[in-house]
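Please look through the sequence and the structure shown here before reading the briefing that follows.

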Amino acid sequence: MKCGAGIEARQVNELSINIDPIQAGGKLTGDAIKAIIAYGDGYSVCDNCRKPNRLDCIAKPPIAQFHKEVAAWLNMDDARMMPGARRAFQAVAHTYVKPGDPVLLTSLSHYTEFLAVEEAGGMPCEIPADADHKITPEAAAAKIDEVKKKFGRAPVLALIDHVDYQYGNLHDFFGIAKVAHESDVPVLYNGAYTVGTMPVDGKALGADFVVGSGHKSMAAPAPSGVLAVTAERAKEVFRTTQIEGDVTKRRFGVKEPEMMGCTLMGATLVGMMASFPHVKERVKHFDAELENNRVVMEALLSITGTKILSEYPRRHTLTRVDTTGSFDTIAEAHKNKGYYFSSALNDKGIFGLIPGATRVWKFNTYGITGKQARYLADAFVAVAQENGLPVQ
């Protein structure tokens, strides 16, 4: 089936078990797919835009109410939907960081956090991970002291991932935020892999800003995300425009500069809204997601030579694996080199591993059923046995 000339209909999630590390939490709900069809036009949500003429204030469809519900769901005071988590990083960094300011990141931070700091002219100061690939409050405190000595002042902002994208490790965000606040450093919670997949209480965690990714973890179309803030920070990040034209004397009312007036619109926003009831429900069942992940992990570890590089037992479904001592030993002599591995899994209806990767790779079991978890576990073992690898 084609969507247009040269455009095949994508059926990955319909025909396969998708374990792509960045796609698993973003798979659309049926309601989101219907919303995309109904609101595909660019300004489709603006039919009933009335004063104060700002997208997040529109009552029909219930966009204003959606913003309030998202903020309350994250236990924050205000929220805006964004064109991706990266635009939320950008808005916060642009508000607080001036050229030459030190900004706290981590050695596991996503590259878009670095880019947001760079664009604002900030100086990245990384908290190093320990030998277990964890970011600790102790390391954060040491880094803040180091920054004070080097710059003569504390960092102006900290961007901390609760779950990092490299190992899927769950870091002590609360402890790190507490240390940062002792030096009056505001803290951004990067929940790209948590908001929408597991419970997140922003104030209990000590976050000044909570950032989520719609297309990574909220079953929403791309690009979409959320920026939720405390009341104190809302006055700063969501400030309204003060500019005035020197000829026309035009002013622009309640428009917010960091949001460029209006933010997420059309199919991306309504798709996010349509999935929201499902997302609110599913975060209550993260224990079941971990149980499904455990089934797959035990199967992988039964294959001699396989190592788990993420923390273990797992506390998140995004996992990094080292198969240098197992599947990669086959790739050395196989006619298809490392591609044999992803091809064998594809033949069994499993999608999402980087083609050719047999040494270090990531996968994410979020959203699969118990039956699919057992099938996936058996598939890894079957590929190993078909290629003569010992299984315990």
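L105 stands opposite E126 in strand β6, strands being DSSP runs of E with at least two residues and helices runs of H or I with at least four, numbered from the N terminus. This is a predicted model, in which local features need pLDDT of at least 70 and side-chain atom pairs count only at pLDDT 80 or more, while totals for chains, interfaces and linings use all residues. Residues are numbered from 1 along each chain as its sequence is written, and side-chain values use heavy atoms, leaving out hydrogens and water.

**Strands**
- Strand β5 (residues 102-106) runs parallel to strand β6 (residues 123-127), and five bridges join them, where pairing requires that DSSP finds at least two bridges between two strands.

**Around S342**
- S342, part of helix α14 (residues 339-347), counts as buried because its relative accessibility is 5%; buried means under 20% relative accessible area, exposed over 50%, and partly exposed in between, with a 1.4 Å probe and protein chains only.
- The C-alpha atoms of S342 and G356 are separated by 6.7 Å, although these residues are 14 residues apart along the chain.

**Aromatic rings**
- The model has 12 aromatic pairs, counted when ring centres of Phe, Tyr and Trp (its six-membered ring) lie within 6.5 Å, with planes under 30 degrees apart called stacked, over 60 edge-to-face and the rest tilted.
- Y340 and F341 form a tilted pair, 6.2 Å centre to centre with 50° between the planes, and both residues are buried.
- W361 and F363 form another tilted pair, at 5.8 Å and 45°, and both are buried.
- One aromatic cluster is formed by F327, Y340, F341, W361, F363 and F380.
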